[in-house]
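User: I am new to this structure and would like to learn how its features are read, one at a time. Could you take me through them slowly?

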Amino acid sequence: MTPTKKNLIIATVVFLLVIVFLSVFTVNEGESAFILRLGQIVKESNAAQPAIQEPGLHFKIPVIDHVRYFDMRMQELATPVSHPLTVVTKEQTYLQIEYFAKWRINNLARFYTSTGGSTRWAETLLEQRINDIVRAEYGRRTSIQAISTDRANMMKAIREQANNIGKDQGISVMDVRIQQITLPKDVMDSVFKRMATERKQFAEAKRAGGMEKSEEIKALADQEVTVIKAKALMQGAGIRAKGDQEAAEIYAKAYAGDPAFYAFYRSLEAYENSFKDKNDILVLKPEGRFFDYFHGGQSSAGKK
């Protein structure tokens, strides 16, 4: 093989390798791409939709075709810490807001035609629109409503509107969150007082409910105690009556069996009860029946 022919073969191989190298491109995971052929998006065969290149190995025509890559992962847009968004509430109070938004591309062709494929330009447009939405929602509410009482409804409205405005850009806004709200001192004091009042009212309502429940329980317990005492008194009265009846019967039987002894026993009990305390004084006639047994005689009750 002559040197000239050998050089020609080497040149041909190198040229083919260059052509192959220029014809192959790779789309990484999390990306999508399409081919621009002479500045126009290459579309699917017999279709108006662009040919979206998914992750993997693909081929193009060298020199004529140009590949545009797009990050399809979740993106984050946040207000700069040094330049927070200034909003005006319903009562003309100025607040400084810091927020972030989560978004992603959901229509690649529309995203390219509306923004030129520039992520920075897409975020600039999206930030302007979200700023307008946030200002409008804060302007419909007072500071107290925007910060506490109606915050959930406000954030829901911001997310819904932000998602709608992103559709014409080929993007989907997944979430919008307020990171920080800077309040003037007088507004902050008012908010704290309002929150303290609400918590105090909530605590008082709970305390009142507990007291009411306690009174109900006490009233029920008192009612049950009264019923139990009444039943116990009734049962005790019945038992005492029965005992008195039995005692009377026993006394009657004892008196009937030996009236003289019974009279003597009752007199002794009377003496004992009468002279139990040394300070007791009795003024009685010695001839009275009370002293019958002191004289050694029988009580008239025991005389036959």
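This is a predicted model: local features need pLDDT of at least 70, side-chain atom pairs count only at pLDDT 80 or more; totals for chains, interfaces and linings use all residues.

User: Which residues make the nonpolar surface patch of about 460 Å²?

Analyst: Residues are numbered from 1 along each chain as its sequence is written, and side-chain values use heavy atoms, with hydrogens and water left out. Patches are built from residues that have over 30% relative accessible area and no salt bridge, like charges being joined within 9 Å and nonpolar side chains (Val, Leu, Ile, Met, Phe, Trp, Tyr) within 5 Å; the areas come from the Shrake-Rupley method with a 1.4 Å probe, and for residues only the protein chains shown count as cover. Here the patch is made by Ile10, Val14, Val18, Phe21 and Leu22. Of these, isoleucine 10 is found in helix H1, residues 3–23, where helices (H or I, at least four residues) and strands (E, at least two) are DSSP runs numbered from the N terminus.

User: Is isoleucine 10 buried, exposed or partly exposed?

Analyst: Buried means under 20% relative accessible area, exposed over 50%, and partly exposed in between, with a 1.4 Å probe and protein chains only. Isoleucine 10 has a relative accessible area of 46%, so this residue is partly exposed.

User: Which residues have the most contacts inside the largest nonpolar core?

Analyst: A nonpolar core is a set of buried Ala, Val, Leu, Ile, Met, Phe, Trp, Tyr and Cys residues joined through side-chain atoms within 4.5 Å. The largest one has 33 residues, and those with the most contacts inside it are Phe70, Ile105, Ile130 and Tyr138. Among the elements that each supply at least two residues of this core are strand S8 (94–105), helix H3 (119–139) and strand S9 (171–182). A second, separate core of 6 residues includes Phe25, Val27, Ile35 and Val67.

User: Where does glutamine 169 lie, and which side chain makes a polar contact with the side chain of glutamine 169?

Analyst: Glutamine 169 lies in the loop between H5 and S9, and, with a relative accessible area of 2%, glutamine 169 is buried. A polar contact is a pair of N or O atoms within 3.5 Å; within protein, one must be able to donate a hydrogen and the other to accept it, and residues adjacent in sequence count only if both atoms are side-chain atoms. The side chain of glutamine 169 makes such a contact with that of arginine 129, at 3.5 Å, while the backbone oxygen of alanine 122 lies 3.4 Å from a polar atom of the glutamine 169 side chain.

User: How many salt bridges does a search of the whole structure find?

Analyst: Side chains of opposite charge can pair when their charged atoms come close. A salt bridge is a side-chain nitrogen of Lys or Arg within 4 Å of a carboxyl oxygen of Asp or Glu, and the search finds 9 of them. One of them joins glutamate 76 and lysine 102 (2.7 Å, N to O). Because glutamate 76 lies in strand S6 (residues 75–78) and lysine 102 in strand S8, the pair ties together parts that are 26 residues apart in sequence.

User: Which salt bridge partner does arginine 159 have?

Analyst: Arginine 159 meets aspartate 175 at 3.7 Å, N to O, and this pair links distant parts of the chain, helix H5 and strand S9, 16 residues apart. Arginine 159 counts as partly exposed at 26% relative accessibility, whereas aspartate 175 counts as buried at 16%.
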